[in-house]
Amino acid sequence: MSPSPVSAVYGLPPPELAPAPAGAVQVSPLIPGSAALEDIAPASLESVTVAAPPGTIERRYVLALALRALAPGGRLTALAPKEKGGSRLGKELKAFGCEVHETGQRHQRICQTRRPDAPAGLEAAIEAGRPRFSESLGLWTQPGVFSWDRPDPGSVLLIQALPPLAGRGADLGCGLGILSHAVLASPQVIELALVDLDRRAVDCARRNVQDPRAGFHWRDARTGPELAGLDFVVMNPPFHDAGAEDKALGQAFIRRAHAVLRKGGVLWLVANRHLPYEGVLGDLFGKAALKAEGGGFKVYEARK
Ligand SMILES: C[S@@+](CC[C@H](N)C(=O)[O-])C[C@H]1O[C@@H](n2cnc3c(N)ncnc32)[C@H](O)[C@@H]1O
């Protein structure tokens, strides 16, 4: 059994602004293989360093979990870019009963505090950020996961355009599993790999797609899991990395889809109209057919 951790780090805080102690256990759901902050024993840690996420409910959930995991007097350092929640961090920590020392550096707000003896409101913040079943979506979801509280119009357009698929396939960047759910409506699908970088998404997808043909993978889809000779890939690829637009990410997903498909296998893809995917689709697949367009999105079918 590995020894219990004494400190934890959530995400990748810039080391020059908030260095995490050596040996701190990583607890970000966006780093495959990490521990879960939810599973850390209450009042057990000496310090937690949090690169705080931008969504308010998600951020308060993470801060509350971090305070719960800290021993009384344990140190919490939380930071975020000013315009991505940083300007609210201090207030949020004070509402939990913390005394906060706040500084600013390189557009980041950095808050340092110690866990009070009796923090206020932790359970309510944890409750608000937990996975839950959404009646309106008809899905398990959690604040912070992509499109957690409304269906993504791009994904809806792709589902409307999808023909019944057959054979073995993958949903790269599966999110809550909405595309997979539609794909598995076809009885001719034999096997489907759902892959996402976000543990919370994979956990929700596991609940949303209860089908023996589905396999779930908490992985970076650019590098894993091992897949080959697939008949089809479906995806609504991400184009943000750490909050910033990153076109290369979607292009890397297209390369990975091409690599895992068999010759003659098909990629179904939806993307925002402004994203430059035609070039890489053309280079790899020859021609991609535009199958649907609307609401700022385009759906392509590309055959290898
Ligand atoms: C645009 S969303 C689509 C989600 C889902 N397929 C849908 O249609 O609602 C992209 C998904 O890719 C995931 N993602 C981002 N980077 C990833 C990576 N490198 N590997 C795997 N998944 C990634 C995100 O967590 C997100 O769930």
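Leaving aside its neighbours within four places in sequence, with which residues is V233 in contact?

**View 1. Contacts of V233 in the predicted model.** In this predicted model, V233 is in contact with G169, A170 and L172, with A257, V260 and L261, and with L267, once its neighbours within four places in sequence are set aside.

**View 2. The largest nonpolar core and a second, separate core.** The largest nonpolar core comprises 56 residues, of which A170, L194, A205, V233 and A257 touch the most other members. Strand 15, spanning residues 261-272, contributes the largest share of this core, with 7 residues.

**View 3. The shell around the ligand.**

**View 4. The buried and exposed faces of helix 3.** Within helix 3 (residues 122-129), the buried residues are L122, A125 and G129. These residues lie on the same side of helix 3 because they cover an arc of only 70 degrees around the axis. In general, an α-helix has 3.6 residues a turn, so residues three or four places apart point the same way. The buried residues of helix 3 pack against helix 1 (56-69), whereas the face of helix 3 turned away from its buried side carries the exposed residues E123, A124 and E127.

Methods
Residues are numbered from 1 along each chain as its sequence is written. This is a predicted model: local features need pLDDT of at least 70, side-chain atom pairs count only at pLDDT 80 or more; totals for chains, interfaces and linings use all residues. A nonpolar core is a set of buried Ala, Val, Leu, Ile, Met, Phe, Trp, Tyr and Cys residues joined through C-beta atoms within 7 Å. A residue is buried if 20 or more other C-beta atoms lie within 10 Å of its own, exposed if 12 or fewer, and partly exposed in between; C-beta atoms are placed from the backbone. Helices (H or I, at least four residues) and strands (E, at least two) are DSSP runs, numbered from the N terminus. Two residues are in contact if their C-beta atoms, placed from the backbone, lie within 7 Å. A residue is near a molecule or strand if its C-beta atom, placed from the backbone, lies within 6 Å of it. The arc is that of the directions from the helix axis to the C-beta atoms.
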